[in-house]
Structures are given as C-alpha cells and as structure tokens.
Amino acid sequence: VPLDGSHWLSMRELLDRLSQKGHEIVVVAPEINVHIKPAKNLIMKTYPVPFTQEELDHTFKRMSQDVFEEGTFLERFLKTHERVKKTSSTLLTTCTHLLYNKELV
C-alpha cells in the first residue's frame with residue numbers, strides 16, 4: 001500500500017525490480033492520486049475517496065506555491081502549518097477510507 005508522491009516514485013523502481021524477478025505485484029491505491037498509475041507489471045486495486053482529482057491537485061499545488069510566498073517568518077510559518085494540516089487531513093482520510101473498505105481489507 002504505497003503513499004503517493006515521492007514515496008511512490010521511490011517504491012516504483014523497487015516494484016519493477018521485484019516484477020523482473022518473477023514476483024506478482026499487487027498495488028492498493030486510492031482512485032484519486034497524483035502518481036500511482038496502472039502498469040503492465042502490476043495488479044492495481046483501487047478504492048474510492050471523498051475528494052476529486054482537482055481538489056487533490058490543488059492541495060499539492062498550493063503547498064508548493066506557499067514555499068515561495070513572501071511575508072514575515074510568522075506569516076509564512078502559519079500558512080505552512082495550515083497547509084500541512086490540510087494535506088495531513090487528506091492523507092488521513094485516504095487511509096481511513098482504505099481501512100473501512102471491507103472488500104479490500
């Protein structure tokens with residue numbers, strides 16, 4: 001069960017190598033994600049989440065934009081703190097929906 005983002009990009013190379021050695025790879029991922037996509041060398045199982053692709057893209061885009069915004073240290077810190085809280089909430093929701101998915105669990 002990979003986590004989206006850089007975690008998946010690192011894991012993907014490992015999965016490719018395992019597949020080359022004959023292992024069957026099953027990836028469980030949310031239907032809405034940034035980088036986790038089907039591939040010929042793995043079996044993909046997805047589960048629904050309560051947000052859209054646009055909402056997820058916006059969350060990650062805003063997070064990267066906040067890094068370059070100007071302002072006092074305190075203003076930037078508070079914006080970053082709020083953005084991290086929102087991103088963490090999105091990831092928690094994703095995990096919760098997986099754990100309550102009786103078919104996959």
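**Talking through the calls**

Colleague: At 17% relative accessibility, why does R83 count as buried?

Modeller: The cut-off for buried is under 20% relative accessible area. R83 comes in at 17%, so it counts as buried. Bear in mind that this is a predicted model.

Colleague: What makes α2 and α3 roughly antiparallel to each other?

Modeller: The crossing angle. The axes of α2 (residues 53-66) and α3 (residues 73-99) cross at roughly 155°. Anything over 145 degrees counts as roughly antiparallel, so that is the label for α2 and α3. Their axes also come within 10 Å.

Colleague: Which hand does the crossing of α2 and α3 have?

Modeller: Left-handed, as α2 passes α3. On the α2 side, the contact is made by L56, T59, F60, R62, M63 and D66. The α3 side brings K79, R83, V84, K86, T87 and T90.

Colleague: How do those contact residues of α2 and α3 divide up?

Modeller: There are 4 nonpolar, 3 polar and 5 charged residues in that contact.

Colleague: Let's move to L99, over in helix α3. What makes L99 exposed?

Modeller: Exposed means over 50% relative accessible area. L99 has 63%, so it lands in that class. Its C-alpha sits 27 Å from that of H81, 18 residues apart along the chain.

Colleague: What does K45 contact, leaving aside neighbours within four places in sequence?

Modeller: V26, V27, V28, A29 and L104. As for E55, it is 10 residues from K45 in sequence, and their C-alpha atoms are 22 Å apart in space.

Colleague: One more of these. N41 has a relative accessible area of 23%, so why is N41 partly exposed?

Modeller: Buried would need a value under 20%. N41 is at 23% and therefore goes down as partly exposed. N41 lies in the loop between β1 (26-30) and β2.

Colleague: What does N41 touch, not counting residues up to four places away in sequence?

Modeller: R12, L15, D16, S19 and I25.

Colleague: Last thing. How do you know where in the chain confidence is lowest and where it is highest?

Modeller: From the mean pLDDT values. Helix α2 has the lowest mean, 84, and strand β2 (residues 43-47) the highest, 95. The chain as a whole averages 89, and 97% of the residues score at least 70.

Methods
Residues are numbered from 1 along each chain as its sequence is written. This is a predicted model: local features need pLDDT of at least 70, side-chain atom pairs count only at pLDDT 80 or more; totals for chains, interfaces and linings use all residues. Side-chain values use heavy atoms; hydrogens and water are left out. Axes are lines fitted to C-alpha atoms, for helices over the stretch in contact, and angles run from 0 to 180 degrees between N-to-C directions. Helices (H or I, at least four residues) and strands (E, at least two) are DSSP runs, numbered from the N terminus. Angles under 35 degrees count as roughly parallel, over 145 as roughly antiparallel, 65 to 115 as roughly perpendicular and the rest as oblique. A crossing is left-handed if the near helix is turned anticlockwise from the far one by less than a right angle, and right-handed if clockwise. Contact means heavy atoms within 4.5 Å. Ala, Val, Leu, Ile, Met, Phe, Trp, Tyr, Cys and Pro count as nonpolar, Asp, Glu, Lys and Arg as charged, and the others, Gly among them, as polar. pLDDT is the predictor's confidence in each residue, from 0 to 100. Buried means under 20% relative accessible area, exposed over 50%, partly exposed in between (1.4 Å probe, protein chains only).
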